Amino acid sequence: MTEPRNSHTLATALIAGISVLTGTQVGAQSGPIVRDAEYYILEAQNGEEWAREDQEIDAALAQFQDANDGKPPNVLYILIDDIGFGDLGSETLNMIRGYKTPAINQFAAEGMRLARMYTEPSCTPTRVAFMTGRQPHRNGMGNTQVELAGFGLAEDEVTLAELLSDAGYNTAHIGKWHMGDIRESWPNYQGFDFAAFPIHQQGQLTIYHDDAADEEVSIGIGDNNYDDLYTMDRWLRTDASRLATGVEGVRNEDVREVHMEPGERWNEAKYHEMNVRYQEQAMEQLRSLAAKDEPFFLQYWPLYPLTGPRTTTSEYTTPNGGHYVEKMKLVDTWIGDLLAEMETLGVADNTIVIIMGDNGHFTKYAPQSGYTPMIFRGGKGATTEGGVRVDAFVRWPEMIQAGSVVGDMVHVTDLFTTLARVAGATDAIPRDRVIDGIDQTSLLLNGEAHGRRDYVFLYNIDKLEAVVKEQYKLAIPGGNIENAILADFYDLFRDPQEKYPVSTEIGAWGSAKFVNMIQRHFLRKQKYPDTPPGTGVPYDGIVNLRPETKAVVEEFFFMRQTPEQ
């Protein structure tokens, strides 16, 4: 079902928009989806055309379902970690890098390239944005935690997996999750029927262990890498082997840690085994889900290409010679295997497949990783374009034009709303909170210039650091702005690396417009205040917690409660 839209005059729409910003709020599951303020500016001017498009879209989706035994499409979503714009999908740019991604290049040619896909600046916030359709500054999930945190995605958040599950989909998550170390935040408690995932992320898994310490990928950890003559605080240094590693579980049941015995040391070989296992499980889940009568949502988030020590790779096979690059070559092969298996299983034609990155490069490990920013400036953790612009490709045979490229702006939250639409789950999207995701089904089905977004607010944790409107970008260093006329504006078409501010030229006419845009945004946040993340006991819900891991939790709470007086 589509979101209801009103066909009204511009004046009526503007009045309605103002009332939405300042007045009446409907019930949690009735009325239109609650949007950020800027959406209503666009709807007021384009709502009638969108309503006509929506009628055509409904007919196209109905026709697809009629030809697909009455079922909506399957969904396979592949999210690759720390890959910058231009690193995938283009043989020419592959040549510049000195390595090849032939499987993803072929996939890109078979579908649509989203040339202007925005994400959040780092791992956790992008994943939260996709799963909830909400930018993570709204739910306390804007920061990326490396080890014990005691918080995570709250159970009150409604995820795409929950929407699709309620709409009749079978769901499975394989690979990185990174949305909390408490039970309510885990994928099998957030709508997935089966989940295999690490509790933490690659900081623990490939940087904090003995092999990485030996190569000084991390400094100051490992008992054999420094003299502890002056060490007094034995809890200071993170030991990856004491933390929980990979777990598996089914819907709403406790999980089990796998492939890790009490007293065992975590190392790079075990990290590689984990990556191989997730690829094998993704293949297994694909076969299992494809054999059922219901549509499926399979989510595969590889841990590679992010890896630490070089010496644990036995052979380097690209002219680039970077260790991330070597792993990306492997991930490309694995993705090719998944896509080939879809053909074998006969589900390729009725499945939407999305392949994309989560944020820019981990530039702290450049250039030895093999990656540096290529098209845009900056990387992971930054709100420059290099931190939040990623490669993104979507394939849906006979529905999305093969070989197409669109320059319309898309944000990762839009995938939540769009996939809910094509799955028939729009009515289940909550109406009691702001949903940042915009339905971009028209862009996918109709192509270039049929998008419904021309803006994005770029946050770093909880600070608004930039605003993009059309091709114009206002930088807000530190999240504070006193005079937009004097602030740095960039024209991203002329200056994609944000090196040459055109502050006078744009600020002369745009400063007040951008300030008003920001004011509307924050007024909206006052009406729909941000909420905190879920909190709890780390690892509660892992049934076979190792003794050394229990000790880490005890230390965590002691440090959190000290001093008591």
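Biologist: How many nonpolar, polar and charged residues are in the lining of the largest pocket?

Modeller: First, a caveat: this is a predicted model, where local features need pLDDT of at least 70 and side-chain atom pairs count only at pLDDT 80 or more, while totals for chains, interfaces and linings use all residues. Residues are numbered from 1 along each chain as its sequence is written, and side-chain values use heavy atoms, with hydrogens and water left out. On a 1 Å grid over the protein atoms alone, a pocket is an open set of points with protein on both sides within 12 Å along at least five of seven lines, and lining residues have an atom within 4 Å of a point. With Ala, Val, Leu, Ile, Met, Phe, Trp, Tyr, Cys and Pro as nonpolar, Asp, Glu, Lys and Arg as charged, and the others, Gly among them, as polar, the lining has 10 nonpolar, 11 polar and five charged residues.

Biologist: What volume does the largest pocket have, and which residues are closest to its centre?

Modeller: A volume is the space filled by probe spheres set on grid points, which are joined across faces, edges and corners. That comes to about 430 Å³ for the largest pocket. Of its 26 lining residues, the closest to the centre are Thr144, Val146, Gln201, Phe362 and Lys380.

Biologist: Which element supplies the largest share of that pocket's lining?

Modeller: Helices (H or I, at least four residues) and strands (E, at least two) are DSSP runs, numbered from the N terminus. α5 (123-132) and α7 (202-207) each supply at least two lining residues. The largest share is three residues, and it comes from α7.

Biologist: Which residues are closest to the centre of the largest cavity?

Modeller: A cavity is a set of points where a 1.4 Å probe fits but cannot get out. There are six of 30 Å³ or more, and the largest holds about 100 Å³ of space. Of its 13 lining residues, the closest to the centre are Gln145, Ala149, His178, Gly180 and Asp181.

Biologist: And which element gives the most to the lining of the second largest cavity?

Modeller: That cavity has about 80 Å³ of space, and its lining has nine nonpolar, two polar and one charged residues. β10 (351-357), α12 (412-422) and α13 (441-446) each give two or more residues. The most, four residues, comes from α12.

Biologist: What is the bridge partner of tyrosine 118 in β14?

Modeller: β3 (residues 117-118) and β14 run parallel, joined by two bridges. For tyrosine 118, the partner in β14 is histidine 411.

Definitions and conventions. Two strands pair if DSSP finds at least two bridges between them.
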